[in-house]
Amino acid sequence: MTPPRLLGMFAHPDDETFCAGGSLARYADEGCETMVVSATRGEAGQIRDATRATRRTLGAVRERELEAACAVLGVRHVRCLDYHDGTLADADGADLRAAALEVIAEFSPDVVITFGDDGAYGHPDHTAISQATTDAFLGATAELDRPPRRLYHSHFPRSRLLLRDRLARWLVELNARFKGRDDFGQALSLFAEETTTMRYASDYIDVNWFPPGVTIVEQGEPPSSLYLVLSGQVDVIQETGDGAQQWLARLGPGEFFGELAIAQGGVRTANVVAVDAVTCLVLSPSPPTAFAGRGTDARYLGSSLDPGDDGPVAVATTAIDVSAYVDRKVSALAAHRTQFPIDHAMFPESMLRDMFGTEYFVRVHPPVEPESDLLAGSA
């Protein structure tokens, strides 16, 4: 019996992992023949590890990273088309559709996955490959002897999960002062930025600079933000009932502060004061207000304790349990080293499972009631 075939059509290397990495790994393990196509080589992307690529070499390096990530996921067929990163929205739509149809005709998939028409977060390349693939799929039903049976759009419902809360809980459970290695700050910054962009989490992420002598958090305040020191040093100082001050600790790069009050739902138990110029990664439930007050009696906090509401949320038709494949999904992300110089071992496993344990899709063709299997009835 011929195994079912699953094709993912995306815009850039790394899209495949964010959109469907767990699903690709799961179905590959179940015997499905899988293919990933990237319309570009991602040559206009960031270079977050300058030891791996230059602007001139980035496209070739990212193509190799795509191959490495797909090997982690068990994807057997990998290809990059010859479109330039950042130009898909300006490309000839008929030409892009024809390229997608050619891949569909050659691979003969049962199921096709691409971005939704929102491009996950509005990226023009994402929306262009979504439109081209959707048009090619619909054309294939009329033009090919063996057309694919199902088309899915990847879907990223807004998560209420806060990295701030998960990290605070993890730090308190360690029962020891955590200090990340030298690359931890960069890795967490990138991880937080990308996962909130893709709506896996709802935190507001910022990097703030504080001059020497500034009190960054005050004792007795309700907690709103979790801080990771990226550079410089801070002193933790506790005020006693008679107004005296007791020095408790000096913290530096790779160390957090603010986690205890967040995890326990209390108030800040000490002041944290910048010793020298300090830069912190700050994770908050929402952006700070322009009129934030300070101190125990302040009426307005720096940010809301509720991540808020974006209004009506689209509903996925298909939720795939990939909790057994989270480790491979994060390892595949790490294979895209120029974009994500991370190590999945840096982060608490429970947080990763909460974020990545389910992948969501909208079945475009044929319409369907909610389901939990991409391939059910496709053979």
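Is Ala-100 buried or exposed, and at what relative accessibility? At 2% relative accessibility, Ala-100 counts as buried (buried is under 20% relative accessible area, exposed over 50% and partly exposed in between, with a 1.4 Å probe and protein chains only). The legends below describe a predicted model, in which local features need pLDDT of at least 70, side-chain atom pairs count only at pLDDT 80 or more, and totals for chains, interfaces and linings use all residues. Residues are numbered from 1 along each chain as its sequence is written, and side-chain values use heavy atoms, with hydrogens and water left out.

Figure 1. Helices (H or I, at least four residues) and strands (E, at least two) are DSSP runs, numbered from the N terminus. Not counting residues up to four places away in sequence, Ala-100 touches Met-9, Ala-132, Thr-133 and Ala-136 (contact means heavy atoms within 4.5 Å). Ala-100 and Ala-192 are separated by 92 residues in sequence and by 32 Å in space, C-alpha to C-alpha.

**Figure 2. Crossing of helices α3 and α5.** The axes of α3 (residues 93-107) and α5 (residues 124-143) come within 8 Å and cross at roughly 55 degrees. Axes are lines fitted to C-alpha atoms, for helices over the stretch in contact, and angles run from 0 to 180 degrees between N-to-C directions. The two helices are therefore oblique to each other (angles under 35 degrees count as roughly parallel, over 145 as roughly antiparallel, 65 to 115 as roughly perpendicular and the rest as oblique). The crossing of α3 and α5 is right-handed; a crossing is left-handed if the near helix is turned anticlockwise from the far one by less than a right angle, and right-handed if clockwise. On the α3 side, the contact is made by Leu-96, Arg-97, Ala-100, Leu-101 and Ile-104. Residues of α5 in this contact include Ala-128, Ala-132, Ala-136 and Ala-140. The contact of α3 with α5 divides into 10 nonpolar, 2 polar and 3 charged residues. Here Ala, Val, Leu, Ile, Met, Phe, Trp, Tyr, Cys and Pro count as nonpolar, Asp, Glu, Lys and Arg as charged, and the others, Gly among them, as polar.

**Figure 3. Antiparallel packing of helices α6 and α10.** Helix α6 (residues 163-173) packs with helix α10 (residues 349-356) at an angle of about 155 degrees, their axes being 9 Å apart. The pair is therefore roughly antiparallel, and α6 passes α10 in a right-handed crossing. Leu-163, Arg-166 and Leu-167 of α6 make the contact with Met-351, Asp-354 and Met-355 of α10. By class, this contact has 4 nonpolar, no polar and 2 charged residues.

**Figure 4. Helix α2 and its contact with α1.** The buried residues of α2, among them Leu-58, Val-61, Arg-62 and Glu-65, pack against α1, β2 (33-40), β3 (77-83) and α9 (326-335). The axes of α1 and α2 come within 8 Å and cross at roughly 40 degrees, and the two helices are therefore oblique to each other. Glu-16, Thr-17, Gly-21, Leu-24, Ala-25 and Ala-28 in α1 meet Leu-66, Ala-69, Cys-70 and Leu-73 in α2. The residues of this contact divide into 7 nonpolar, 2 polar and 1 charged. Just after α2, Gly-74 takes a positive phi of about 85 degrees.

**Figure 5. Backbone geometry at Asp-14, Ala-120 and Pro-366.** Most residues other than glycine have a negative phi, and most peptide bonds are trans. Asp-14, in the loop between β1 (5-10) and α1 (15-29), has a positive phi near 95 degrees and counts as buried at 9% relative accessibility. Ala-120, in helix α4 (residues 119-122), has a positive phi of about 75 degrees and counts as buried at 4% relative accessibility. A cis peptide bond, with omega about -15 degrees, joins His-365 and Pro-366; Pro-366 lies in the segment after β15 (358-365).

**Figure 6. Contacts of Arg-199.** Arg-199 is found in the loop between α7 (184-197) and β6 (204-210) and counts as partly exposed at 22% relative accessibility. Not counting residues up to four places away in sequence, Arg-199 touches Asp-118, Ala-120, Phe-156, Pro-157, Arg-158 and Ser-159.
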